[in-house]
Amino acid sequence: MRMLSPDRYHSSVTAIDLADLQRGGVRHLLIDLDNTLMPRDSSEVPPDVRVWIDRLSDHGMSACLVSNNWHAHVTSVAESIGLPIVAKALKPFPSAFRKGLRELGGSAKHAAVIGDQIFTDVLGGNLLGMTTVLVAPQSTSDLPHTLVLRRLERLVLAGREPLA
Ligand SMILES: [Mg+2]
């Protein structure tokens, strides 16, 4: 079960304590897009999340999006917030995370994965020994297979609640 357990669990990315992550040695962030940075049923990254992304450099952090989404629009979303993206990622498999780390010139030791799903983001991050940060999904809209996984996530989380 350790592989399915996030190091931190927050209500949204804006609730993540970046200074604390920085103290823990995190320099690089591999961030999920759908339901992490923006609601799955939206096409725009919310203003408070944009501000949060702009603050990453204040903490000496660089970031790359790693998304299982295969639609073309994810590239323009990435451009709109000035971040590189590895799309069609097939998380939890490690190759896309490794590609993201290469993009940032970083190592897993100094990286954190941030995402809303245990079986893709958290598992993938833990498999590579990265810090893992789970965020609550930013909408109730999910792909059908994800909705099935959400039930299993509730079992894994066993009543654990996100920190605001
Ligand atoms: Mg997601």
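Q: Which strands and helix do the buried residues of H4 pack against?
A: A quick welcome note: this is a predicted model, in which local features need pLDDT of at least 70 and side-chain atom pairs count only at pLDDT 80 or more, while totals for chains, interfaces and linings use all residues. Residues are numbered from 1 along each chain as its sequence is written, and side-chain values use heavy atoms, leaving out hydrogens and water. Helices (H or I, at least four residues) and strands (E, at least two) are DSSP runs numbered from the N terminus, buried means under 20% relative accessible area, exposed over 50% and partly exposed in between (1.4 Å probe, protein chains only), and contact means heavy atoms within 4.5 Å. On those terms, the buried residues of H4 pack against strand S2 (28-31), strand S3 (62-66), S4, strand S5 (111-115) and H5.

Q: What arc do the buried residues of H4 cover around the axis?
A: These buried residues are Ala 96, Phe 97, Gly 100, Leu 101 and Leu 104. The arc is taken from the directions that run from the helix axis to the C-beta atoms. The residues lie on the same side of H4, because their arc is only 145 degrees.

Q: What arc around the axis do the buried residues of H3 cover?
A: In H3 the buried residues are Val 74, Val 77 and Ala 78. They sit on the same side of H3, since they span an arc of only 100 degrees.

Q: Which residue takes a positive phi just after H3?
A: Just after H4, a positive phi of about 65 degrees is found at Gly 105. Just after H3, a positive phi of about 70 degrees belongs to Gly 82.

Q: Which residues coordinate the magnesium ion?
A: Donors are N, O and S atoms within 2.8 Å of the metal (3.2 Å for Na, K and Ca), and since water is not among the atoms, sites may look incomplete. In sequence, the donor residues are spaced D-x1-D-x81-D. At 2.1 to 2.3 Å, the ion is coordinated by Asp 32 (OD), Asp 34 (O) and Asp 116 (OD).

Q: Which residue has a side chain that makes a polar contact of 2.7 Å with Thr 36?
A: Thr 36 lies in the loop between S2 and H2 and is buried, with a relative accessible area of 1%. A polar contact is a pair of N or O atoms within 3.5 Å; within protein, one must be able to donate a hydrogen and the other to accept it, and residues adjacent in sequence count only if both atoms are side-chain atoms. At 2.7 Å, the side-chain partner of Thr 36 is Asp 32.

Q: Which residues are linked with Arg 150 in a network of salt bridges?
A: Arg 150 and Asp 142 are both buried, and their side chains meet in a salt bridge of 2.9 Å, N to O. The network joins Arg 150 with Asp 116, Asp 142 and Glu 153.

Q: How many residues does the largest nonpolar core have?
A: A nonpolar core is a set of buried Ala, Val, Leu, Ile, Met, Phe, Trp, Tyr and Cys residues joined through side-chain atoms within 4.5 Å. In the largest one, the residues with the most contacts inside it are Ile 16, Leu 29, Leu 37, Trp 52 and Ile 114, and its size is 27 residues.

Notes
Salt bridge = Lys/Arg side-chain N within 4 Å of Asp/Glu carboxyl O.
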